[in-house]
Every structure is written in structure tokens, then in C-alpha cells.
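Q: Can you walk me through this fold? I'd like to start with the sheet and then get to the ligand.

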Amino acid sequence: MLELAVGSGEMMAKIAARNPTGFNVGMDLSPQMALATERRLRKEHLEAFCAIGASDCRNIPFKNCCFETVFSCLVLELLSHDEIMRTLHEARRVLKPGGVFILIVLGTDRGYFNSYYRVASSLAPSLLGRQLGQAELGLLGAAGFRIEKSASVVQRWYPTRVVVSRMT
Ligand SMILES: C[S@@+](CC[C@H](N)C(=O)[O-])C[C@H]1O[C@@H](n2cnc3c(N)ncnc32)[C@H](O)[C@@H]1O
């Protein structure tokens with residue numbers, strides 16, 4: 001599987017623990033983040049293969065049809081509409097036929113969180129980005145994915161939407 005923007009590897013660690021015999025690859029735009037996360041995962045998940053590189057999810061450095069699953073958590077919020085479309089096309093390109101794309105975005109169904117986020121993201125727009133709506137989730141269909149499951153999940157204290165889609 002491939003995770004598009006691993007950050008500190010919180011999600012990647014869970015994935016590696018559940019996929020110890022698989023090939024777990026991650027990427028992050030920040031080389032420092034990629035290096036630190038790879039070191040951490042290799043130390044904590046000796047049993048799993050984990051490789052993290054510094055790369056841009058808008059231009060994924062893998063050949064076509066390499067992965068069974070592509071995973072993206074809280075990064076599309078940082079991209080423009082066109083960049084999201086480009087990233088989704090890239091995710092589809094590197095998936096094997098019938099592959100699964102798992103997307104986690106910030107949820108929009110909690111009023112208290114929306115108010116808080118509006119203020120916080122106006123103070124640090126490049127750090128926090130923006131909440132995505134139906135228009136952006138609709139891009140999944142345009143990029144060649146069919147949504148199979150969509151669920152609202154509170155993670156720690158913040159709401160998220162988990163969307164599981166498959167290549168059409
Ligand atoms: C909010 S963090 C999410 C990290 C991780 N997915 C998680 O949920 O714990 C966003 C991460 O996306 C990375 N990032 C931002 N733009 C990116 C891009 N174009 N390509 C790859 N990574 C990117 C940032 O460096 C940062 O580590």
C-alpha cells in the first residue's frame with residue numbers, strides 16, 4: 001500500500017501493524033518528516049517492510065499499477081481544487097486494476113468544529129488548509145473512482161469522513 005502524505009506516521013504505523021507481510025510505502029513533501037518517520041517506523045515495526053520517501057503527492061514517483069491500496073489522510077485540505085484533481089488522477093494511475101483508494105478528510109457535520117476551524121484556518125491557512133465539501137468529494141467520481149463506503153468517524157476529538165472508493 002501507499003500513503004500519500006505520512007506526516008509523523010500515525011496512520012502509517014497502524015497500517016504497518018496490520019500489514020506486516022506487505023509492502024508499505026509512504027511519502028511526504030517534507031524530506032525531514034519523511035526521514036524521521038521512516039526511522040521511527042523501522043524501529044517500532046521491525047516486523048513490517050516500511051519505506052518512506054520525500055515526494056509530492058501531485059506527482060507520484062511510481063510506475064502505473066503498482067499498489068493495491070492508496071491511502072490519504074488529511075492532506076487534500078492543503079491543496080487547491082486543481083491539485084486535488086491531479087492527486088486523485090495520480091492515485092488512480094499507480095493503483096492496480098480494481099485497487100482501493102481510502103480517503104480521510106475533516107468532517108463537516110459538527111457545527112462547533114466548523115466554527116473553530118474557520119477561525120483557526122484563517123489564522124494559519126497554509127498549515128490548516130480548509131474543510132472540503134461535497135464538490136471536492138465529487139472529484140472522486142470524475143477521477144475514476146466509485147465510492148463504496150462513506151462514514152463519519154470522530155478521531156480523538158475531531159470529526160472526520162472516511163471514504164472508501166474503488167477504481168471503476
Ligand atoms: C496534516 S498532516 C497529515 C499527516 C498524516 N497523513 C496523518 O494523518 O497523520 C499533512 C502532511 O502532508 C504533507 N504534505 C503537504 N503537501 C504535500 C504534498 N503535496 N505531497 C506530499 N505531502 C504533502 C505535509 O508535509 C504534512 O506532513
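A: First, the terms: two strands pair if DSSP finds at least two bridges between them. Helices (H or I, at least four residues) and strands (E, at least two) are DSSP runs, numbered from the N terminus. This is a predicted model, in which local features need pLDDT of at least 70 and side-chain atom pairs count only at pLDDT 80 or more, while totals for chains, interfaces and linings use all residues. Residues are numbered from 1 along each chain as its sequence is written.

Q: Fine. In what order do the strands form the sheet?

A: Seven strands make an open sheet with mixed pairing, in the order β3-β2-β1-β4-β5-β7-β6. The edge strands, each pairing on one side only, are β3 and β6 (145–155).

Q: How many bridges join β2 to β3?

A: Six, between strand β2 (residues 23–28) and strand β3 (residues 49–54), and the two run parallel. From β2 the chain passes through helix α2 (residues 31–44) to reach β3, a right-handed β-α-β crossover. Right-handed means that, with the strands pointing away from the viewer, the path from the first strand over the helix to the second runs clockwise.

Q: Which residues in β3 stand opposite Gly26 and Met27?

A: Gly26 faces Ile52, and Met27 faces Gly53.

Q: And what about β1, how does that pair?

A: β1 and β2 are parallel, with two bridges. Glu3 is opposite Gly26 in β2. The chain goes from β1 through α1 to β2, and that β-α-β crossover is right-handed. Strand β1 (residues 2–3) also pairs with strand β4 (residues 67–73), in the parallel sense and over two bridges. There, Leu2 has Val70 in β4 as its bridge partner.

Q: Is β2 mostly covered or exposed?

A: Mostly covered: five of its six residues are buried. Buried means 20 or more other C-beta atoms within 10 Å of the residue's own, exposed means 12 or fewer, and partly exposed is in between, with C-beta atoms placed from the backbone.

Q: Switching to helices. Which residues of α1 are buried?

A: Met11, Met12, Ile15 and Ala16. They line one face of the helix, because seen down the axis of α1 they fall within an arc of 135 degrees. The arc is that of the directions from the helix axis to the C-beta atoms. On the face of α1 turned away from the buried side are the exposed residues Glu10, Lys14 and Arg18.

Q: What about α3, which residues are buried there?

A: Ile84, Thr87, Leu88, Glu90 and Ala91. They cover an arc of only 160 degrees around the axis, which puts them on the same side of α3.

Q: What span should helix α3 have?

A: 20 Å for the 14 residues of α3 (residues 81–94), at 1.5 Å a residue, and the end C-alpha atoms are 20 Å apart, which agrees. The expected span is 1.5 Å times one less than the number of residues.

Q: Arg42 next. Where is it, and how exposed?

A: Arg42 is in helix α2. Arg42 is partly exposed, with 15 other C-beta atoms within 10 Å.

Q: Now the ligand. How many residues surround it?

A: 17, and the closest are Ala5, Gly7, Leu29, Cys57 and Cys73. A residue counts as near if its C-beta atom, placed from the backbone, lies within 6 Å. The elements giving two or more residues to that shell are α1 (10–18) and β2.

Q: How many of the shell residues are nonpolar, polar and charged?

A: The shell divides into 11 nonpolar, two polar and four charged. Ala, Val, Leu, Ile, Met, Phe, Trp, Tyr, Cys and Pro count as nonpolar, Asp, Glu, Lys and Arg as charged, and the others, Gly among them, as polar.
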